[in-house]
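Welcome to my notebook. Here is what I looked up, entry by entry, with the structure alongside.

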Amino acid sequence: MMLATTALLATTAILAIAAWSDLATRTIPDWCSLALLALGIAVRLAEGPTAALSSLAMAFIIGCGFLILHARGFIGGGDVKLIAALAVGTAPSALPDLLFAIGLAGGALGVAYLVMSRFMPRPALRPNAALPMRVAVVEANRIARRGPLPYALAIAAGTIAAGLGA
């Protein structure tokens, strides 16, 4: 029980950092995926070696599927690593719910960005503004020009909505 609670809190914190980084820079630090991978292995090993191996196998399959999407330019490489790492800590029976929730969150994010792109002004960047304001201005300009989505936001929201794969 203690491991599950700790993993839940750590996963939430790591996903928040990944989402913020993706929003601010459109990159997801590799350590986020590696930390989720380690947490996932620990949680699944606590359930037994068979549980860990089945989750690793499913994560590999999911990772390969998303890698094809990445090769075609539909999703970023950091997003692929983040989803595959989350799959390691998720029971195979819960993976469809996790992927569905991430997909719904991604669809909602895409619709929100499309709607905002029609109305989003392009504010000027003030160099001495606080970091959150600078990120907001850069994001407003990305939205206005219909730039790429920060999909880690959808991954984080979908994972939380799916109950972190539990």
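**Entry 1: a residue in a loop.** I started with R26, which is buried at a relative accessible area of 18%. The model I am reading is a predicted one. Where does R26 lie? I found R26 in the loop between α1 and α2. I then checked its backbone: R26 has a positive phi of about 60°, although R26 is not a glycine.

**Entry 2: another positive phi.** I looked up R146 next, in the loop between α6 and α7. Its phi is also positive, near 60°, and R146 is a residue other than glycine. Is R146 buried or exposed? With 53% relative accessibility, R146 counts as exposed, whereas R26 is buried.

**Entry 3: along α2.** I moved on to helix α2, which runs over residues 30-46 and has 17 residues. From its first C-alpha to its last, I read a reach of 25 Å, close to the 24 Å expected at 1.5 Å a residue. Just after α2, I noted G48, with a positive phi of about 125°.

**Entry 4: the sides of α2.** Which residues of α2 are buried? I listed C32, S33, L36, L39, G40, V43 and R44. I reminded myself of the general rule: an α-helix has 3.6 residues a turn, so residues three or four places apart point the same way. On the other side of α2, I found L34 and A46 exposed.

**Entry 5: what α2 packs against.** I asked what the buried residues of α2 meet, and they pack against α1 (2-25), α3 (49-71) and α4 (77-88). I took L36 as my example. Leaving aside neighbours within four places in sequence, L36 is in contact with T11, I14, L15, L82, A85 and L86.

**Entry 6: the core.** How many residues does the largest nonpolar core have? I read 35 residues, and those with the most contacts inside this core are L15, L36, L82 and I155. So that you can follow along, the elements giving two or more residues to this core are α1, α2, α3, α4, α5 (95-119), α6 (131-144) and α7 (151-161). Of these, α4 gives the most, with seven residues.

**Entry 7: tying it together.** L36 is one of the buried residues of α2, and among its contacts are L15 and L82. L15, L36 and L82 are also among the residues with the most contacts inside the largest nonpolar core.

Conventions
Residues are numbered from 1 along each chain as its sequence is written. This is a predicted model: local features need pLDDT of at least 70, side-chain atom pairs count only at pLDDT 80 or more; totals for chains, interfaces and linings use all residues. Side-chain values use heavy atoms; hydrogens and water are left out. Helices (H or I, at least four residues) and strands (E, at least two) are DSSP runs, numbered from the N terminus. The expected span of a helix is 1.5 Å times one less than its number of residues. Buried means under 20% relative accessible area, exposed over 50%, partly exposed in between (1.4 Å probe, protein chains only). Contact means heavy atoms within 4.5 Å. A nonpolar core is a set of buried Ala, Val, Leu, Ile, Met, Phe, Trp, Tyr and Cys residues joined through side-chain atoms within 4.5 Å.
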